[in-house]
Amino acid sequence: NETVIDGGKRAVFPTPTVVCVGVLDDVEKHMTLDFKDEGDIIYLLGINSGNISGSEYQKLLLGEFSGEQKIDLKFERKLQLFLIEAISKGLIKSAHDISEGGMVVCLFESSFNKCLGFEVSLESRIRPDLLIFGEEQSRVIVTVSEGLKKEFEEFLSLSKVPFQMLGFVNASGKGVIRCNGKKVIELEIERVKEVYSSSLQKLLS
């Protein structure tokens, strides 16, 4: 996906996205991305690396897009098969892939429907901003009811899918993210939702 500018080839950003459609055998087991209830446990499935290549955050920091995101297709398959089975077993209440905007956008998007709050804590050697805005592949945020915590984690261990328990959904109406014990994000869900929903309109007006 390229174009020619001043005699040289340049990649067109963003590149096309391939979408796959499948058959849902039981509609009662469909999954949505939104947080459901106060007290639900928030998990990260997959591994953080802090890769911001090709992201809006990279453009903000460096003034340009560069680098690339890589994907391990064998691990992606393992992760997706785990999710299908966990959803089928009724272990997961919500699931949202981490993509544009990284983990921070994923968490807030999950909060918008019911305006539920969340509080999560991350422990990592990765620089905090890269950790929360990184867009590396094959990561999913899921929520699980507290009563299914043991069964879910046992199934995770058998599946050998790396995971971290991050925190909890709450009724505070705020999103709070801590990195290595330090609070790096605390924002009202309603305010973030308003900015998120009206940004294109404001940009074009």
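This is a predicted model: local features need pLDDT of at least 70, side-chain atom pairs count only at pLDDT 80 or more; totals for chains, interfaces and linings use all residues.
Q: What is the strand order in the open sheet of 7 strands?
A: The order is S4-S6-S3-S7-S5-S8-S9, with mixed pairing. Strands are DSSP runs of E, at least two residues; helices are runs of H or I, at least four; both are numbered from the N terminus. Two strands pair if DSSP finds at least two bridges between them.

Q: Which strands stand at the edges?
A: Strand S4 (94-97) and strand S9 (182-188). Each has a single partner strand, so one side of each is left without a neighbour in the sheet.

Q: In what sense do S3 and S6 pair, parallel or antiparallel?
A: Antiparallel, over 5 bridges. Tyr 43 has Val 142 in S6 as its bridge partner.

Q: Switching to the largest pocket. What is its volume?
A: About 1600 Å³. The volume is the space filled by probe spheres set on grid points, which are joined across faces, edges and corners. A pocket is an open set of points on a 1 Å grid over the protein atoms alone, where a 1.4 Å probe fits, with protein on both sides within 12 Å along at least five of seven lines.

Q: How many residues line the largest pocket?
A: 43 residues. Lining residues have an atom within 4 Å of a point. Gly 54, Ser 99, Glu 100, Gly 101 and Glu 135 lie nearest the centre.

Q: Now Glu 136. Buried or exposed?
A: Glu 136 is buried, with a relative accessible area of 5%. Buried means under 20%, exposed over 50%, partly exposed in between (1.4 Å probe, protein chains only).

Q: Where is Glu 136?
A: In the loop between helix H4 (128-133) and strand S6 (140-144). A polar atom of the Glu 136 side chain lies 3.0 Å from the backbone nitrogen of Asn 51.

Q: And Asn 180, where does that lie?
A: In the loop between strand S8 (174-179) and S9. Asn 180 is partly exposed, at 41% relative accessibility.

Q: What separates the C-alpha atoms of Asn 180 and Lys 29?
A: 36 Å, with the two residues 151 apart along the chain.

Definitions and conventions:
Residues are numbered from 1 along each chain as its sequence is written. Side-chain values use heavy atoms; hydrogens and water are left out. A polar contact is a pair of N or O atoms within 3.5 Å; within protein, one must be able to donate a hydrogen and the other to accept it, and residues adjacent in sequence count only if both atoms are side-chain atoms.
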